[in-house]
Structure formats: C-alpha cells, structure tokens
Amino acid sequence: MSTSEAYKIVFFDVDGTITNHENGNIPQSTIEAIKILLSKGIKVVAATGRPLSMCKELKSIGIETFITANGGYVKHGEEIIHKVPMEKNIIKELIDFAKEENSALSFYTEDFSMNGVEDKEILNALKETLSLNEYPQTNSFIFDQEVFLLCLFANDETVERYKIKFPDLIFKRWHPYVLNILKVDVSKSLAIMKTLQFFGIDRSEAIAFGDGENDIDMLELVGLGIAMGNGSEKLKNVADFVTKKSSQDGIYYALKRYGVI
C-alpha cells in the first residue's frame, strides 16, 4: 500500500517525535504536515505519556484527538473514547506507603500533580520526561478524581519494597528514575485499538510515528510503522521505515516519501 488514499489516520508520539528531540519545539515542517493531513480528511492523533493539560500546544496546531497518560485516557474533542482509572483504595494505600518511604508520586488526571516530595533527582526526572523546570502542584483532592496513570520516582532498591508491599501491581520502569504503577497494563496499542474502533478505521489504514521503546507496540499494530532517526535501536528494528531525525523534518520527509501529503 503506497497510495495516500490507503491511509486514514496517523498516530504520533509527542516528545522526540512531534517535538524536536534537541530543543523541544515543534518544527514548522511538522505543523505544515499536520495541516495537510487534516485538510485531506486524514485523522491525526497524538499518543503521549503526557497528561491532557500538557497538550495545549498540540491543540493549537489542530490536533483534536489525544491518547494521554501512555494510553490510560483517550479523548476526542470533549468525548471520552477510553479510560482506565485506578481504584481509589489502591491510590490511598500507595500514598500512605509513599509517605513512609518519603517517595515522590505523580498523578495523571486530565491534569498533572504530585504528592509534594521533592529532591534534585525528582526535579531532574521531571525535566527529562516532561520538560518541567519546577514541581507541579500538590493535589490534596486526588481521592475525589479519576487517576489514569500513577508514577513512582525511585531507584531499584526502593522499588523492591513497593513490589513486596503491592504484589498485585505492575511496576514498569520507563526512565532511570521513573516507573508507571499499574493495576492492569495500559498501553498505547490498546488505546489505539479503541480509537480505531471509535472512528471505524482498520489498523491497516493507520500510520504511527514514534521514537521510544514504549512506542514499539504502537508501530507493530498499524499498517505503516515509522521510527524517527533519533529513535531507539529496538524501535528501529520493528519499524517499516526509519525516517530522518525530528530535528531534521523527519515527519514531513516520511509522509512525503509515502505520498500521504
């Protein structure tokens, strides 16, 4: 399938894919590519680890469909397509244990908040993962809200204590100092399946772009999986095509090469 008519939807990872991996800006060529896709009636979806509140810039370039919290919460306009909220009693137990351990937790609702534990390593991780230079707000009403993703900031030694305390939870490291804490495994690929069902599009008619190992399942699922030139080697190995880096107009280049724009 090489004709543009074959593809009806494009899923983009955000950090390091839509955004330039060197400076975090969205390249002009990517904004242009997304405009062309939308003008042709091709759906554009951002699939990100970010919470929805940190997707404002993406909304401003025309994207209306968001897979956020690594697949835990999916929204098209004002309509919720898919969500996997954590049980409130588990959240409470985790918060209590984190207090004992003096661990930082972050909560992904539509917003992003934390439990108030601060140190240099945590701030460094926030900068590396979400480009934050300061701590988000502390949310004292977290028990009244739906939490779609919960992250623990910790080294392996601390994580072992959590695993013993919470044998039924999944602890999934995605950064040297950050882990997802999950009851059921959330993934971008499950969220993509739900999004495809919502739009009535077959996965063979979908394209996905990514740069990280958490994008592997997403690229394997769609008809055309494209890895950024700045992506991880494991991702490049499963991709149908490796494009240029996000700092070198990689998205525009690939969509042009396949005749989609």
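Helices (H or I, at least four residues) and strands (E, at least two) are DSSP runs, numbered from the N terminus. The model on screen is predicted: local features need pLDDT of at least 70, side-chain atom pairs count only at pLDDT 80 or more, and totals for chains, interfaces and linings use all residues. Residues are numbered from 1 along each chain as its sequence is written, and side-chain values use heavy atoms, with hydrogens and water left out.

**Stop 1: Asp249**

Select Asp249, in the loop between β13 and α10. Its phi is near 60°, a positive value in a residue other than glycine. Most residues other than glycine have a negative phi. At 37% relative accessibility, Asp249 counts as partly exposed (buried means under 20% relative accessible area, exposed over 50%, partly exposed in between, with a 1.4 Å probe and protein chains only).

**Stop 2: helices α10 and α2**

Next select α10 (residues 250-257) together with α2 (residues 28-39). The two helices pack at an angle of about 40°, and their axes are 7 Å apart. Axes are lines fitted to C-alpha atoms, for helices over the stretch in contact, and angles run from 0 to 180 degrees between N-to-C directions. The pair α2 and α10 is therefore oblique (angles under 35 degrees count as roughly parallel, over 145 as roughly antiparallel, 65 to 115 as roughly perpendicular and the rest as oblique).

Show the side chains at the contact (heavy atoms within 4.5 Å). On α2 these are Ser29, Thr30, Glu32, Ala33, Ile36 and Leu37, and on α10 they are Ile251, Tyr252 and Leu255. The residues of this contact divide into 6 nonpolar, 2 polar and 1 charged. Here Ala, Val, Leu, Ile, Met, Phe, Trp, Tyr, Cys and Pro count as nonpolar, Asp, Glu, Lys and Arg as charged, and the others, Gly among them, as polar.

**Stop 3: the eight-stranded sheet**

Select the open sheet of 8 strands, which runs in the order β5-β4-β3-β2-β1-β11-β12-β13 with mixed pairing. Two strands pair if DSSP finds at least two bridges between them.

Now zoom to β3 (residues 65-68) and β4 (residues 73-76), which pair in the antiparallel sense over 4 bridges. Phe66 stands opposite Lys75 in β4. A salt bridge is a side-chain nitrogen of Lys or Arg within 4 Å of a carboxyl oxygen of Asp or Glu. Lys75 is buried, with a relative accessible area of 9%, whereas Glu78 counts as exposed at 73% relative accessibility.

**Stop 4**

The structure holds 13 salt bridges. Select Asp15 and Arg50, whose closest N and O atoms are 2.8 Å apart in a salt bridge. Asp15 lies in helix α1 (residues 14-18) and Arg50 in the loop between β2 (43-47) and α3 (56-60), so the pair ties together parts that are 35 residues apart in sequence. Asp15 is partly exposed at 27% relative accessibility, while Arg50 is buried, with a relative accessible area of 12%.

Move to Asp96 and Lys92, which form a salt bridge of 2.9 Å, N to O. They are 4 residues apart in helix α4 (residues 88-101), a separation of about one helical turn. Asp96 is partly exposed at 34% relative accessibility, and Lys92 is partly exposed with a relative accessible area of 42%. Then select Asp13, Lys188 and Asp215, which salt bridges with shared partners join into one network.

**Stop 5**

Select Ser131, in the loop between α5 (120-130) and β8 (149-153). Its phi is near 55°, a positive value in a residue other than glycine. Ser131 counts as exposed, at 51% relative accessibility.

Finish at strand β10 (residues 178-182): 5 of its 5 residues are buried, so the strand is largely enclosed by the rest of the structure. Val178, Asn180 and Leu182 are buried on one side, and Leu179 and Ile181 on the other.

Strand β8 pairs with β10 in the antiparallel sense over 4 bridges, and Leu150 has Ile181 as its bridge partner in β10. Strand β9 (residues 170-175) also pairs with β10 in the antiparallel sense, over 5 bridges. Phe171 stands opposite Ile181 in β10. A hairpin joins β9 to β10 through 2 residues.
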